[in-house]
Amino acid sequence: MPPLSTVSVGRIAYTDRALPAIRPVNFALQDGRLFIRVEPGDGLAAAVSDTVVAFEADDIGPRRHTGWSVQALGRAHLTDDPLAVLGPAPDTQSRVPSIRGHFIVIRIEHVTGRRVPPPADPR
């Protein structure tokens, strides 16, 4: 199974006000943990604090429609001190320019995935 570290954008699935929600996020992977940088007071941070979440990342080629998909499950928690959790802060570059020092940290407890094969020949 390809490593999650080969891509930088994934999707976090969580519960928001009793409804399912999915949000694309930049992330970093270190030592079996996913790090997602968030703004202080972000609704995502409040929704996932101390809950079990799902995370998915994939790499599917637009031309041949082949690739892979990986799903991870784990408990999320918030920290504003990633050094206390795991050493130097992982590189989770965001497309939104701002000062961010809060992280959602997901300890991966279960991983599944699959390769996406080329479509069957219709002949």
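Strands are DSSP runs (E, at least two residues), numbered from the N terminus. This is a predicted model, in which local features need pLDDT of at least 70 and side-chain atom pairs count only at pLDDT 80 or more, while totals for chains, interfaces and linings use all residues. Residues are numbered from 1 along each chain as its sequence is written, and side-chain values use heavy atoms, with hydrogens and water left out.

Select Glu56 to begin, which lies in strand 5 and is buried (under 20% relative accessible area, with a 1.4 Å probe and protein chains only), its own value being 17%. Ser69 comes next, with a polar contact of 2.9 Å between its side chain and that of Glu56.

Turn now to the aromatic rings, where rings of Phe, Tyr and Trp (its six-membered ring) pair if their centres lie within 6.5 Å, and planes under 30 degrees apart count as stacked, over 60 as edge-to-face and the rest as tilted. By this rule there are two aromatic pairs. Select Phe27 and Phe55, an edge-to-face pair with 4.8 Å between centres and 70° between planes. Finally, select Phe35 and Phe103, also edge-to-face, at 6.0 Å and 80°; both of these residues are buried.

Definitions and conventions: Buried means under 20% relative accessible area, exposed over 50%, partly exposed in between (1.4 Å probe, protein chains only). Helices (H or I, at least four residues) and strands (E, at least two) are DSSP runs, numbered from the N terminus. A polar contact is a pair of N or O atoms within 3.5 Å; within protein, one must be able to donate a hydrogen and the other to accept it, and residues adjacent in sequence count only if both atoms are side-chain atoms.
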